[in-house]
Amino acid sequence: MKKTVMPQDQVFWYLNRPESGCLRTSLQADVVIIGGGMAGLTAAQAFAEKNKRVILLEAFYCGSGATGKSSGFITPNSEISFAEFVRRYGSVGGTAIWQAIEGGVEYIRANIKRYGIDCDYAPEDTLIVASSPQGVKELHKEDDQLKKLVGKSGFIEKDQLQSYLHSSAFFGGVIYENTFSITAYKYCQAMKEILIKKGVTIFEETPVLDFKNHVVRTLHGTVKAQHIIVCTDRFTPNLGVLRESVYQVQTFLMMSQPLVENEIKKIFPDRRYMVWDTEMIYNYFRLVGNRLALGGGSLLHVYDGKEKHCSSRVYGKLSGYFKKKFPLLDLQFEQFWPGLIGVSKDVAPITGFDKDDPSVYYVITATGLPISAALGMYAADRLIDKRDDLKDYFSPYRKWAVPGWATRILGKKVAFALSNFLSVGGHF
Ligand SMILES: Cc1cc2nc3c(=O)[nH]c(=O)nc-3n(C[C@H](O)[C@H](O)[C@H](O)COP(=O)(O)OP(=O)(O)OC[C@H]3O[C@@H](n4cnc5c(N)ncnc54)[C@H](O)[C@@H]3O)c2cc1C
């Protein structure tokens, strides 16, 4: 039976942006990358630097997915802590993964410096804080592993923490040095231009419909390539693959009105940090210039099937959180947006070859900007230079706590909530 091909979910008028060239012909390349977020752009750069002819296809515009909506903390710590990687993959595996992620941090930094990218680069240490005594225990575990295996970390006791944050509501913290923040949307837009100058061909407004036998089919054209690199994160099931292994989690971000110096000092008495807490549905904040970006999730909406806009409940939860931690401040927020992040059933990335088509390689569900970059680079190293040190950890076909048959019965929302909870205690 003939499959119905729907028109693109897009406002026609947006297509007139001069930079968005849509693919309308049949082309050939060595490598075709699907998706223009952090994973896809990094993979495109890495293959191009290995002298491969690269075409990148993006459904909307580069950075339009999770990357461009993110809060731009560039730190090796993401949904999975170092201690959790070590618990899962042993000290050798956990350390190799952590070092790869640190490589992602440095790769992004090197691009910013080398190309002078204007993306609000701000060197800032990362501070992970505990909102409960239980959180302190987790932080001690993380600190111990980092000290033992990577040789760097610093635990901050409750009484010292107030010189970092003007709040008595936290129980302790761990600090990661040499990290930084960026506006990831600006980074993507700049990288797009840099890649085009390097010879990468980029088509935006070009949703891929499917791929088979080295050929990627879009609404109005095709690309034939030796390698197809799928960097479509949460959208991957729309391509008809890995349907039961990829879903999404939702987080929210708000931007405050500009703050005066005195108000900033009521949050950060000395220096600025990128801050995360360790609550199950965690919150995070940092300064963007003189505004506060405050993010976090809501148990009710973590596993929503689509973005939840303008939720007064979530707005109340996030602003209430901040008020509780910093009662001296009365912040007004000017923007508020949701974002969906691709996630696997055990919250770890999915990267590796398709089992039926070895020309297809996935780099998805990395849940973090540096790890997305790290795995984008790794894709080129793996396919061209045969590097394989991470191959045993993130197979698309590994066993999940909740298998495919149970997903079909429970539905994706329940199956992923359960599977994520069994894997990392549902920490989002
Ligand atoms: C609000 C928010 C805050 C966050 N904060 C941070 C943070 O501070 N630090 C951090 O490390 N991480 C953060 N994250 C997570 C991080 O943004 C993501 O894990 C990361 O950006 C994923 O990158 P990606 O390239 O895999 O996916 P995406 O950026 O989603 O890119 C996938 C791209 O594929 C395109 N695509 C999809 N389907 C098709 C198709 N059929 N054809 C062509 N193109 C297609 C999409 O349009 C999209 O541009 C945050 C996420 C959100 C939502």
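Modeller: Helices (H or I, at least four residues) and strands (E, at least two) are DSSP runs, numbered from the N terminus. Gly 297, for instance, sits in the loop between strand 16 (291-296) and helix 8 (312-325). Keep in mind that this is a predicted model.

Biologist: Is Gly 297 buried or exposed, and why?

Modeller: A residue is buried if 20 or more other C-beta atoms lie within 10 Å of its own. Gly 297 has 23 C-beta neighbours inside 10 Å, so it counts as buried. As for what lies across from it, the C-alpha atoms of Gly 297 and Phe 252 are separated by 6.0 Å, although the two residues are 45 apart along the chain.

Biologist: Into which domains is the chain divided, and how far apart do their C-alpha centres lie?

Modeller: Domain 1 covers 24-69 + 185-244 + 346-397, and domain 2 covers 126-177 + 248-343. Their C-alpha centres lie 31 Å apart. Where they touch, nine residues of domain 1 are in contact with seven residues of domain 2. The side of domain 1 that touches domain 2 divides into three nonpolar, three polar and three charged residues.

Biologist: How should I read the nonpolar core?

Modeller: In soluble globular proteins, nonpolar side chains tend to be buried together. Here the largest nonpolar core has 117 residues, and Val 32, Ala 43 and Ile 229 have the most contacts inside it. This core draws at least three residues from each of domain 1 and domain 2.

Biologist: Which residues is Ile 229 in contact with, leaving aside its neighbours within four places in sequence?

Modeller: Its partners are Val 31, Ile 33, Ile 34, Ala 43, Tyr 361, Val 363 and Ala 379. Ala 43 is another of the residues with the most contacts in the core.

Biologist: Turning to helix 6, how does its span compare with the expected one?

Modeller: Helix 6 (residues 184-197) has 14 residues and reaches 20 Å from its first C-alpha to its last. That is close to the 20 Å expected at 1.5 Å a residue. After the helix comes Gly 199, whose phi is positive, near 105 degrees.

Biologist: Which residues in helix 6 are buried, and what do they pack against?

Modeller: Ala 184, Tyr 187, Cys 188, Gln 189, Ala 190, Met 191, Lys 192 and Leu 195 are buried. These buried residues pack against helix 1 (38-48), helix 2 (66-69), helix 3 (82-115), strand 9 (201-203) and helix 9 (369-385).

Biologist: What does Cys 188 touch, not counting residues up to four places away in sequence?

Modeller: Cys 188 touches Gly 36, Gly 37, Leu 41, Cys 62, Gly 63, Thr 67 and Gly 68. Gly 37 and Thr 67 are among the residues closest to the ligand. Cys 188 and Gly 63 are 125 residues apart in sequence, yet 5.3 Å apart in space, C-alpha to C-alpha. Cys 188 has 23 other C-beta atoms within 10 Å, so it is buried.

Biologist: Is Ser 372 buried or exposed, and which residues does it touch?

Modeller: Ser 372 lies in helix 9. It counts as buried because it has 31 C-beta neighbours inside 10 Å. Beyond residues up to four places away in sequence, Ser 372 touches Gly 37, Met 38, Ala 39 and Ala 366.

Biologist: Where are Asn 178 and Thr 367 found?

Modeller: Asn 178 is in the loop between strand 7 (172-176) and strand 8 (180-181). Thr 367 is in the loop between strand 19 (360-364) and helix 9. Asn 178 has 16 C-beta neighbours inside 10 Å, so it counts as partly exposed. Thr 367 has 20 other C-beta atoms within 10 Å, so it is buried.

Technical notes. Residues numbered from 1 in each chain as written. Predicted model: local features only at pLDDT ≥ 70, side-chain atom pairs only at ≥ 80, totals over all residues. Expected span 1.5 Å × (residues − 1). Buried ≥ 20, exposed ≤ 12 C-beta atoms within 10 Å, placed from the backbone. Contact = placed C-beta atoms within 7 Å. Near = placed C-beta within 6 Å. Core = buried A, V, L, I, M, F, W, Y, C linked by C-beta atoms within 7 Å. Domains from an automatic or database assignment. Nonpolar A, V, L, I, M, F, W, Y, C, P; charged D, E, K, R; others polar.
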